[in-house]
Amino acid sequence: MLLLALIADLCAAPLHERVDGDRLMETVELLSGAAPLDGAPLASRSVYHPDVDRAALWLEEQLTAIEGLQVTVEPFDAPGAPGLVNLIAELPGADPEAAPVVLAAHYDSTANLDEGWDPAVDPAPGADDDASGVAAVLEAARLFADARAEGTLTLSRPLRFALFSGEEVGLLGSTAHVAGLDGDVRMALVLDPVGYNPGGADFLFFSYDARWPEEADALVATHAALDGPLELGGVDAEQIGGDRRSDHAPFWDAGVPALHVGSFPQPWSYHTMNDTIDVVDGAYLSAVAGLSVAHVEALGQPVAPIGTRTGCQHVQGSERYPLIMLALSAALLCLRRRTGVLYHCDRPHSGATIIC
């Protein structure tokens, strides 16, 4: 009877509250080499390292084992790395003509900021970047498929869970996927990376394309309805140099709405062999996964199930969380000056910050 009661309680809980933090971290451990995968730890998921094939096979097995998902392996080639694959899993919706909602992350890794790093033989654990995002996408796929099988969830739109490769060598996997799209996409939510939580600030950053400001409003509304631990800040991508550093960019190029969601600022271990499991905050990753699940669920239905949407509240940075946004702008500008390729930010969101 106790077991039945526990099952009933679980099924009654909102989907975003069912996120399993232990399972998230187990995925990060396996992908980053902190735990053995089929007998031996992964050393790297670089597209030039043989272990990337082991990672892809394991991820395909995980998706295929989830009842109700339709899994597709999309092959593509990179210069010097033929035979790469994207892994795409689709959960059908009630309306077969509806455009799907995409939740995506990339499973390849790099340590190209380490001097002398050899991608063919040296480690690239990529725990934060982007095993964290992959873990969140896998968790979401399991939760949505389980809820659909239980009969506790009905979605009008299909959901597409995409694990891309080749991101670290030029967004190659997502570019190949977008080029082969058959039909429209409602929106793509790209998680990259979402495990680092400096100082326990629980700050989550997202960028959006000004062609679709309503997508920023919708994510802020989902966040506000959850009343969770995260502080959310959104910036028009043009204010930070266009933000073309992740797999949302090919969607934008194809005229598809997309949001890039990530922790901020980048950790000291970014793109190095030190991007290990110690960089990832499990509670923070769980919160990001919960927000992602809630937002995908809202977009997959004609009416958001988590509350009334009131639109985004645009507030001046001096009125709410001024220190966070001042630090955000300063750090973005600093990174731009130091690297010449990353962010710059004169004023986030045309003088106003999306924070709810």
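Where in the chain does Pro-193 lie? In this predicted model, Pro-193 is placed in the loop that runs between strand S5 (187–191) and strand S6 (203–208). The peptide bond between Asp-192 and Pro-193 is cis, with omega at about -25 degrees. The loop between S5 and S6 also holds Asp-202, a residue other than glycine whose phi is positive, near 60 degrees. Asp-202 has a relative accessible area of 22% and is therefore partly exposed, the cut-off for buried being under 20%.

A cis peptide bond also joins Phe-264 to Pro-265, where omega is near 0 degrees. Pro-265 belongs to the loop between strand S8 (258–263) and helix H8 (282–299). His-271 is found in the loop between S8 and H8, and its phi is positive, near 55 degrees, although the residue is not glycine. With a relative accessibility of 9%, His-271 counts as buried.

The protein chain as a whole contains nine helices and 10 strands. Of its 356 residues, 57% are buried. Among contacts between residues at least 6 apart in sequence, 79% join residues that are at least 24 apart.

Helix H4 covers residues 127–150, 24 residues in total. From the first C-alpha to the last, H4 reaches 32 Å, close to the 34 Å expected at 1.5 Å a residue. H4 is mostly covered, with 20 of its 24 residues buried. Just after H4, Gly-151 adopts a positive phi of about 85 degrees. A polar contact of 3.3 Å is made between the side chains of Gln-62 and Arg-142. Gln-62 is part of helix H3 (residues 51–64). When neighbours within four places in sequence are left aside, Gln-62 is in contact with Leu-138 and Arg-142.

The largest nonpolar core has 69 residues, and those touching the most other members are Leu-59, Leu-69, Tyr-107, Phe-144, Phe-161 and Phe-206. H4 gives the most to this core, contributing 13 residues. For Phe-144, residues up to four places away in sequence not being counted, the contacts are Leu-15, Leu-91, Leu-153, Leu-155, Leu-159, Phe-161, Val-293, Val-296 and Glu-297. A second core, separate and made up of 15 residues, includes Ala-162, Phe-164, Ala-188 and Trp-252.

Four aromatic pairs are present in the structure. One of them is formed by Phe-164 and Phe-251, a tilted pair with 6.5 Å from centre to centre and 45 degrees between the planes. This pair links distant parts of the chain: Phe-164 is in strand S4 (residues 159–164) and Phe-251 is in helix H7 (residues 249–253), 87 residues apart. Phe-164 and Phe-251 are both buried. The rings of Phe-206 and Tyr-208 have centres 6.3 Å apart and planes at 40 degrees, so this pair is tilted. Both Phe-206 and Tyr-208 are buried.

His-106 lies in strand S3 (residues 101–106). Its relative accessible area is 0%, so His-106 is buried. Residues up to four places away in sequence not being counted, His-106 touches Asp-129, Asp-130, Val-134, Phe-164, Glu-167, Glu-168, Asp-192 and Asp-247. Among these contacts are Phe-164 and Asp-192, the former a member of the tilted pair with Phe-251 and the latter joined to Pro-193 by a cis peptide bond. The side chain of His-106 makes a polar contact of 3.3 Å with the side chain of Glu-167, and also reaches the backbone oxygen of Asp-108 at 3.0 Å.

Gly-170 is located in the loop between S4 and helix H5 (172–179). At a relative accessibility of 46%, Gly-170 counts as partly exposed. Gly-170 and Arg-245 are 75 residues apart in sequence, and their C-alpha atoms are 8.6 Å apart in space.

Key
Residues are numbered from 1 along each chain as its sequence is written. This is a predicted model: local features need pLDDT of at least 70, side-chain atom pairs count only at pLDDT 80 or more; totals for chains, interfaces and linings use all residues. Side-chain values use heavy atoms; hydrogens and water are left out. Helices (H or I, at least four residues) and strands (E, at least two) are DSSP runs, numbered from the N terminus. The expected span of a helix is 1.5 Å times one less than its number of residues. Buried means under 20% relative accessible area, exposed over 50%, partly exposed in between (1.4 Å probe, protein chains only). A polar contact is a pair of N or O atoms within 3.5 Å; within protein, one must be able to donate a hydrogen and the other to accept it, and residues adjacent in sequence count only if both atoms are side-chain atoms. Contact means heavy atoms within 4.5 Å. Rings of Phe, Tyr and Trp (its six-membered ring) pair if their centres lie within 6.5 Å; planes under 30 degrees apart count as stacked, over 60 as edge-to-face and the rest as tilted. A nonpolar core is a set of buried Ala, Val, Leu, Ile, Met, Phe, Trp, Tyr and Cys residues joined through side-chain atoms within 4.5 Å.
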